[in-house]
Amino acid sequence: MARTIQADEAVDEAVELLDGGNLVAIPTETVYGLAADATNGEAVAKIFEAKDRPLFNPLIAHVADMTMAERIADFDDLAEKLAGRFWPGALTLVLPAVENSRISGLVTAGLETIAVRMPVGVARLIAAKLGRPLAAPSANPSGKLSATTAADVEAGLGDRIPLIVDGGRARIGVESTILKVDEGNLTLLRPGGISVEDIEVATGKPVERVSSGSTVEAPGMLASHYAPDAGLRLNAVEVLNGEALLAFGPKRAAGVDRAKAVMNLSPDGSLLEAAANLFSHLHSLDRLGARIIAVEPIPDQGLGAAINDRLSRAAAPRGGMKK
C-alpha cells in the first residue's frame, strides 16, 4: 500500500524513488499526476501497467525549466511566446520532439511530437531535483475520474504505488489545456485550465479545434474517459426518480426533490469553482451508488469548455476511442 506524506516532507523520498525507477503520485495545480522518470522506459511502462492505460495514448513530460524543456522539444518563436506567457502553469504544448533526447518512446507513443508542460509547485521542484523530465498522466485508473486529492489517489491506485505526495486539494481541478504548435498554427487538442480566449489574446492568432477522426496525439483524446461507475445524463433540466444530481448555479432542475443526492459545482455559478469541484463532486456522487448522475447545463465558454469536454467524455459509451 502507498504511504502518503505531506509535500514539504516528501520531496527527497520522491526523488529517490523516481531515480530508482519507481512511480510516485504527485500534486500539480491541475490534478494529481502519476509520475515516473520520463527517460526510463521500464519506469514509464509501470505507469501504463498501474493505470491499465492503452499504449497508444501518449503522456505529458513535465519539466522544471526551459533548459530542460528545450532538451526534449523544439521551440519556435510562437511556442517560446506561449511558454513565456503561461509557464509555469496549466498549458501543455505539443511540439516536435528533439532527436536523441533520451525520452522513452512510450511517452510519445511513437509520434514525432512530444507533449511538454512546466507545472506549478512541488511537481516542478521534484523534476528539478531529479534533473530529468517526469512522465505524469493523471493519477487514476485509466478512463476513471481524475484525482484532485491524495485521498482520491489512494482510493484508485493506493495498492499499486509506493508513495503519494500530499499537496492538498488541486487548485484548478481539471487537466491542462493541450495545444499543438505547428508551423505557426495553433490547434486545441484538449481544453483545460487555460482558456482558448486567453491563448488567442496572448498570441493574436486563432486556435483551431481538432477535427473528428484525428490521430490520438495527446492525453484526453479518447472518446470515453474520466468516467465514474454511474452513467451521466448531461444538460438535464429535470431529475428522474433515483438519479443523483450534479448541479450548477443558483437555479435547480425540475424534480430536484426526487434526487438521491445533490451536489452543486458552484452555487454562485463560478466556472472557476466548478472546475475545481468537478472530479471531487463526481467521486462523491458515484460513491453513493446512484445508477445515473444527472448534470445540469454548464455554460460552454472559458473553463466551461473544459468542464463540458470532461463531462461529455465521461458520458460516452465506455471503452470507445474518438472517431
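Let's start with charge: the protein chain carries 32 positive and 41 negative side chains, and the centres of the two sets sit 5 Å apart. Here Lys and Arg count as positive and Asp and Glu as negative, with His and the chain ends not counted. Each charge is placed at NZ of Lys, CZ of Arg, CG of Asp or CD of Glu.

This is a predicted model, where local features need pLDDT of at least 70, side-chain atom pairs count only at pLDDT 80 or more, and totals for chains, interfaces and linings use all residues. Residues are numbered from 1 along each chain as its sequence is written, and side-chain values use heavy atoms, leaving out hydrogens and water.

On to the overall fold. The protein chain has 10 helices and 15 strands (DSSP runs numbered from the N terminus: H or I of at least four residues for helices, E of at least two for strands). Its radius of gyration is 19 Å, close to the 20 Å from the globule rule for 323 residues, so the chain is as compact as a globular protein of that length. That radius is taken over C-alpha atoms, and the rule is 2.2 Å times the number of residues to the power 0.38. The C-alpha trace spans about 60 × 50 × 35 Å along its principal axes.

Of the 323 residues, 59% count as buried; buried is under 20% relative accessible area, exposed is over 50%, and partly exposed is in between (1.4 Å probe, protein chains only). Among contacts (heavy atoms within 4.5 Å) with a separation of 6 or more, 68% join residues 24 or more positions apart.

Now for a closer look at Arg-132, in the loop between α6 (122-130) and β7 (134-135). Is Arg-132 buried or exposed? Arg-132 counts as buried, because its relative accessibility is 18%. Its side chain makes the polar contacts tabulated here (N or O atom pairs within 3.5 Å; within protein, one atom must be able to donate a hydrogen and the other to accept it, and residues adjacent in sequence count only if both atoms are side-chain atoms).

| Side chain | Partner side chain | Distance |
|---|---|---|
| Arg-132 | Asp-19 | 2.6 Å |
| Arg-132 | Asp-37 | 2.8 Å |

Leaving aside neighbours within four places in sequence, Arg-132 is also in contact with residues including Thr-39, Met-68 and Ala-127.

Further along, Ser-142 lies in the loop between β7 and α7 (150-157). Ser-142 is partly exposed, at 22% relative accessible area. Not counting residues up to four places away in sequence, Ser-142 touches Lys-51, Asp-52, Arg-53 and Pro-54. Ser-142 and Ala-36 are 106 residues apart in sequence and 16 Å apart in space, C-alpha to C-alpha.
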